[in-house]
Amino acid sequence: MSSNVFDEMPASGVFRDESALSPEFLPDVLPGREKQIEQLAMALRPFASGRKASSVLIFGPPGTGKTSSAKYVLQQFKEYAQRVHVAYVNCWQHYTQQSVLAEAARLVGLVVPRRGLATDEVRTDLLQFIQKNDIRLVLVLDEADRLFHKKEEALLYDVSRSPVPIVVVAITNTPDVFEKLDSRVRSSLSLQPLDFPRYSPLELKSILRDRLPKAFKMGACPEEAVALCAAYSAKTGGDARVALDVLWKSGKAAERRGALKVTPDDVRAAMAEHDALNASVKKRMAGALEGEQSILAALEAGPKYSGDLQKELDVAERTLRRYLEQLADKRLVTIEEEQNVDGPGKRRLVRKV
Ligand SMILES: Nc1ncnc2c1ncn2[C@@H]1O[C@H](COP(=O)(O)OP(=O)(O)OP(=O)(O)O)[C@@H](O)[C@H]1O
Ligand SMILES: [Mg+2]
């Protein structure tokens, strides 16, 4: 009898569950963020016992654990305090006052129609619902700087003056926009800043080590591989997302070799892959025309809708469309079409690669 082809294959892979390295995975501990977690919890605690709490402005560069830490603390806060409700709203998805309020309403269990209500009506409905049900609301505004792009930050004025108990946790990469807020609003929100600095190599190492038992088979990812990934990501910006991505790519490189263990060479291949991606983007960027460059510069802070880009750059719609097509051809931007939230038709979200 001929041998079975499957028996002859090498025992497969280094991963136990590679999804433990994916951006969607929510870790149950956050090494290096103990201080920030404690400070956020301390700011919020009075709110549980009916007192006024400071609102918090969480800021820091990409991949420094802002979203994860806020979600972690607020999950625990909900469990700790019965009357506390948490509405987590991402302002890239909900960037008008109306949309933020409607999403918050939905999250506390109030059904509001998607269309046909004015902002004032949604706000009144939400506040009444909070009052009637004796709710204390923590409103998390992730990517909150987005609200300032179209002057939707008036939401914060309303919240600061609201007679019902609402506390805000705003999260942003760029805290300077908040300086534009009226000083009265700032003081009545008593917006307490909470800094999330870049991770050190040691912190990145702990973050990666914690994922090993879930992500890799026992012994498949040795300490030296972890150390190399941590050092690389510390050098390129202290971003945990990069550290996790390079570790995952290292595992993939080992698998391609049919190996059962990640070696330093696998990590070096992963780092080169990561660099090459950046380098090829940089090369393609250098080849962009002047008009295209200004679009790329405008996208530096984050994705934008084509309508907003058109106003910001003050160009004709046709010109913008032509540039965007060229940029998409050069794979320097991606363009996603999505259904308009506040009207018929489609809108286009443009993102730098
Ligand atoms: N201290 C940590 N421990 C474990 N994992 C972490 C830690 N910090 C960040 N991560 C992981 O790194 C990734 C990025 O974290 P997160 O989304 O919280 O960053 P962020 O600061 O919100 O970034 P951005 O500014 O880009 O929104 C996630 O996959 C998260 O699980
Ligand atoms: Mg985030």
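Trainee: Which residues in α3 meet which residues in α4?

Mentor: Bear in mind that this is a predicted model. On the α3 side the contact holds Q97, Q98, L101, A102, A104, A105 and V108, and these meet T119, V122, R123, D125, L126 and F129 in α4. By class, that contact of α3 with α4 has eight nonpolar, three polar and two charged residues.

Trainee: At what angle do α3 and α4 pack, and how far apart are their axes?

Mentor: Helix α3, residues 97–108, and helix α4, residues 119–132, pack at about 30 degrees, and their axes lie 9 Å apart. Angles under 35 degrees count as roughly parallel, which is why α3 is described as roughly parallel to α4. As for handedness, the crossing in which α3 passes α4 is left-handed.

Trainee: Is E153 buried or exposed?

Mentor: A residue is called buried if 20 or more other C-beta atoms lie within 10 Å of its own; E153 has 22 such neighbours inside 10 Å and therefore counts as buried. E153 is located in the loop between α5 (146–149) and α6 (154–161). Leaving aside residues up to four places away in sequence, E153 touches L147, F148 and L181; of these, L181 is 28 residues from E153 in sequence, with a C-alpha to C-alpha separation of 8.2 Å.

Trainee: Which residues come nearest to ligand 1?

Mentor: There are 20 residues around ligand 1, and P62, G65, K66, T67 and S68 come nearest. The elements giving two or more residues to this shell are α2 (66–80) and α10 (240–256). By class, the shell around ligand 1 has nine nonpolar, eight polar and three charged residues.

Conventions: Residues numbered from 1 in each chain as written. Chains lettered and ligands numbered in written order. Predicted model: local features only at pLDDT ≥ 70, side-chain atom pairs only at ≥ 80, totals over all residues. Helix = DSSP H or I, 4+ residues; strand = E, 2+ residues; numbered from the N terminus. Buried ≥ 20, exposed ≤ 12 C-beta atoms within 10 Å, placed from the backbone. Contact = placed C-beta atoms within 7 Å. Axes fitted to C-alpha atoms, helices over the stretch in contact; angles between N-to-C directions. Parallel < 35°, antiparallel > 145°, perpendicular 65-115°, else oblique. Left-handed = near helix turned anticlockwise from the far one by under 90°. Nonpolar A, V, L, I, M, F, W, Y, C, P; charged D, E, K, R; others polar. Near = placed C-beta within 6 Å.
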